[in-house]
Amino acid sequence: MLNGFFMDDVKKICQVHNFDANETMFFLKQLEYLEPTLYDFDERMLHYRRDIPVDNSIDPGAAEATYEMIEKVGKAKVGVGAYSGDLPRADVRATEHTQKIRGITSSFAWTVDEIRKASFANKPLSRLKSDAAARSVHEQENDIAYNGKADEGLRGFLSSEQNINSLGVAKDWEGTASPDEIIQDFSTAVQTIKDQSLNTRAPNTVLLPIKQHMQIGTIPRASGSDITVRQFILENSEVFGITSIDPLPVELDNAFTSGTEDGAIFYEKNPQVIEQRIPLEIVIHPVQIRGFEFIFPVEAKHGGTVIRYPLACLFVTGI
């Protein structure tokens with residue numbers, strides 16, 4: 001809930017504008033109701049929190065965040081000569097990876113007249129303004145999580161700097177490829193991630209453009225079967241290892257091959273592999289007054305998407 005200092009500030013401003021006691025109490029009640037609702041976000045359109053684990057552990061005051069990757073190096077001697085001469089040396093090698101953290105800001109406002117009219121009619125203040133401010137912040141977070149912002153030093157899931165490998169398919173899934181060929185593409189993608197990571201990683205999640213997601217969710221596994229390609233893959237998770245196949249509208253359309261091909265993302269959804277950094281969730285700052293408006297600054301912070309193990313991910317293009 002809103003803290004006492006915030007409430008005291010609002011009361012003082014209400015007095016400056018000659019709000020009566022009822023109008024002041026009405027406005028304070030509206031603000032108490034508003035704060036928890038401002039944190040809502042539309043899962044139906046913005047999927048960044050569904051697809052990418054969130055790290056809230058970083059201090060909001062940090063300008064950047066760094067993590068270390070530790071690599072074990074060295075070989076041991078075996079058999080004849082194992083006890084003679086210089087012993088081989090094992091060691092660890094650490095590399096640091098730093099990414100910026102940037103602020104995201106917006107605001108909303110009500111005029112003195114809007115507050116008085118709502119109080120007179122005993123109707124709640126419209127949430128549309130606060131919803132719009134929250135939505136604008138969440139849209140920026142969504143864009144950063146997937147696409148990054150290179151000019152701000154932020155990387156996204158699809159940023160080329162993440163060094164994720166690509167695999168092209170022979171036939172597109174929208175009509176050319178047969179169900180067997182689509183299933184083979186899934187199998188090849190899964191095996192590719194296992195091979196390139198030396199069997200240390202395996203994908204459990206697939207993101208698809210909406211058209212291809214609809215396609216594999218409607219075509220039968222085989223002629224006369226009531227099992228779709230999507231159901232077949234998910235029901236055989238002990239073979240494929242895939243537990244989730246989700247649509248990702250917009251972001252994957254024409255996302256590859258210089259904007260000419262749709263693509264899928266196969267990856268291990270695991271905070272050790274991939275995380276987006278959100279040091280500061282949406283905060284409403286103390287009300288400001290400008291002329292006859294009550295202005296509410298809104299702030300959040302995002303540090304982009306960190307992929308610690310790019311070999312646990314694969315872009316499958318040409319689908």
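Rings of Phe, Tyr and Trp (its six-membered ring) pair if their centres lie within 6.5 Å; planes under 30 degrees apart are stacked, over 60 edge-to-face, the rest tilted. This is a predicted model, where local features need pLDDT of at least 70 and side-chain atom pairs pLDDT 80 or more, while totals for chains, interfaces and linings use all residues. Numbering starts from 1 along each chain as its sequence is written, and side-chain values use heavy atoms, without hydrogens or water.

**Ring cluster.** Select Phe19, Phe27, Phe108, Trp110, Phe294 and Phe296. Ring pairs link these residues into a cluster.

Zoom to Phe27 and Phe294. Their pair is edge-to-face, 5.1 Å centre to centre, with 70° between the planes. Phe27 lies in helix α2 and Phe294 in strand β12, so the pair ties together parts 267 residues apart in sequence. (Helices, H or I of at least four residues, and strands, E of at least two, are DSSP runs numbered from the N terminus.) Both residues are buried, meaning under 20% relative accessible area with a 1.4 Å probe, protein chains only.

**Second pair.** Go to Phe157 and Tyr267. This pair is edge-to-face too, at 5.1 Å centre to centre and 80° between the planes. Phe157 sits in the loop between α5 and β5 and Tyr267 in strand β8, so the pair joins parts 110 residues apart in sequence. Both are buried.

**Charges over rings.** Here NZ of Lys or CZ of Arg is within 6 Å of the ring centre and within 35 degrees of the ring normal. Select Arg201: its charged end sits over the ring of Tyr309, 4.3 Å from the centre. Then take Arg221, which lies over the face of Phe232 at 4.6 Å from the ring centre.

Definitions and conventions:
Buried means under 20% relative accessible area, exposed over 50%, partly exposed in between (1.4 Å probe, protein chains only).
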